[in-house]
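I opened my notebook to look up a few places in this structure. My entries follow in the order in which I made them.

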Amino acid sequence: VLSTIKLETPVRQMASAALNVENPLTTATSFTTECKCGDIKAPPQQTVPGQSKVYTKTSESTARLTLFSSDLGHFPYNLLLKALPPPTEETVHFQAALGNSHSTPVKFINYSHLITKYHCKTDCPDFIVDRSVSASPGFPSGSEVRVEVRFEPHQLGEVKGQLSLTSETGGEYIFPLCGVCILPRPQGPFRITAGGSVTIPFKNVFRQTTTFSLQVDNPCFTVKAVNSIPSKKTQNILVSFEAPTGGPPGPWFGKMTICSQDSEVHSKPCSWVYYLKGQRPQSSLET
């Protein structure tokens, strides 16, 4: 062995070394490269002019590297390599109003030689991801993989978490997650014909079963009270409208407000606003 080459790099990053190959002959000669480790990349053949030198580069993993020339014989080198833990990936940011969600694809590069299954998990229930994702073979240049992450907050403010993607053959990817939950946005208007009703879906975003109060600011609109809603479940709110007898043809406007009755389930008070619009039937307006 002519020398030992030391290479050290975090996994999925490249480290290189230069080999000084000298040709003492007066004529050019060709060197072929042999390495049985699949993670090593080197030029398959290198021609060195007579009485000159050339530098050959290698990269990540561990094995024996041999250069062979029919004129000069074998040039063996030991590769002593060390793979360090991967660095943390870039932070993925989210923003959603309380009661809504925000989804974004998280991308990473798979360098595995084979089709690889990555197990996906987060350490915070506000960030939701599928249990696994499959990646096509990526060595040596890498194949892009996408996994969808959904941010569904349960309280106002900033939430931080971590996404882990792990595979026995592909290694581990760690993505910091940062979500910001803002106040609920008003919704509507929900149109209701006189004598009719509309159902408005409402989800309990909190982690506990919660009781909510419902109020409307216009007596023409009535709302049916709801019982406690289990955590992460959706319940339809029934809102009815009755136009006043006589008077203007309308339309009439109102606002329904939903508030949590259980202050211990969230750190800050919050409410949801739904705008309502009531109108007489079209036939009545024409008459």
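I began with a polar contact of 2.9 Å, which joins the side chains of Glu152 and Lys203; a polar contact is a pair of N or O atoms within 3.5 Å, where within protein one must be able to donate a hydrogen and the other to accept it, and residues adjacent in sequence count only if both atoms are side-chain atoms.

Before going on I noted that this is a predicted model, in which local features need pLDDT of at least 70 and side-chain atom pairs count only at pLDDT 80 or more, while totals for chains, interfaces and linings use all residues. Residues are numbered from 1 along each chain as its sequence is written, and side-chain values use heavy atoms, with hydrogens and water left out.

**Glu152.** I found Glu152 in the loop between β13 (143–151) and β14 (157–167), where strands (E, at least two residues) are DSSP runs numbered from the N terminus. Is Glu152 buried or exposed? I count Glu152 as buried because its relative accessible area is 10%, and buried means under 20% with a 1.4 Å probe, protein chains only. Leaving out residues up to four places away in sequence, Glu152 touches Asn100, Ser101, Asp126, Ile128, Lys203 and Lys232, contact meaning heavy atoms within 4.5 Å.

**Ser112.** I then turned to Ser112, which sits in the loop between β9 (102–110) and β10 (116–122) and is buried, with a relative accessible area of 6%. A polar atom of the Ser112 side chain lies 3.3 Å from the backbone nitrogen of Leu114. Not counting residues up to four places away in sequence, I listed Pro137, Gly138, Phe139, Thr169 and Gly170 as touching Ser112.

**Val133.** In strand β12 (residues 132–135) I looked up Val133, which is buried at a relative accessible area of 13%. From C-alpha to C-alpha, Val133 and Tyr118 are 5.3 Å apart in space, although 15 residues separate them in sequence.

**Cores.** Which residues touch the most other members of the largest nonpolar core? I wrote down Met256, Ile258 and Trp272, out of 27 residues in that core; a nonpolar core is a set of buried Ala, Val, Leu, Ile, Met, Phe, Trp, Tyr and Cys residues joined through side-chain atoms within 4.5 Å. Among the elements that give two or more residues to this core are β16 (187–193), β21 (252–260) and β22 (271–279). Apart from it I found another core, of 22 residues, including Val106, Phe108, Val147 and Val159.

Conventions. Helices (H or I, at least four residues) and strands (E, at least two) are DSSP runs, numbered from the N terminus. Buried means under 20% relative accessible area, exposed over 50%, partly exposed in between (1.4 Å probe, protein chains only).
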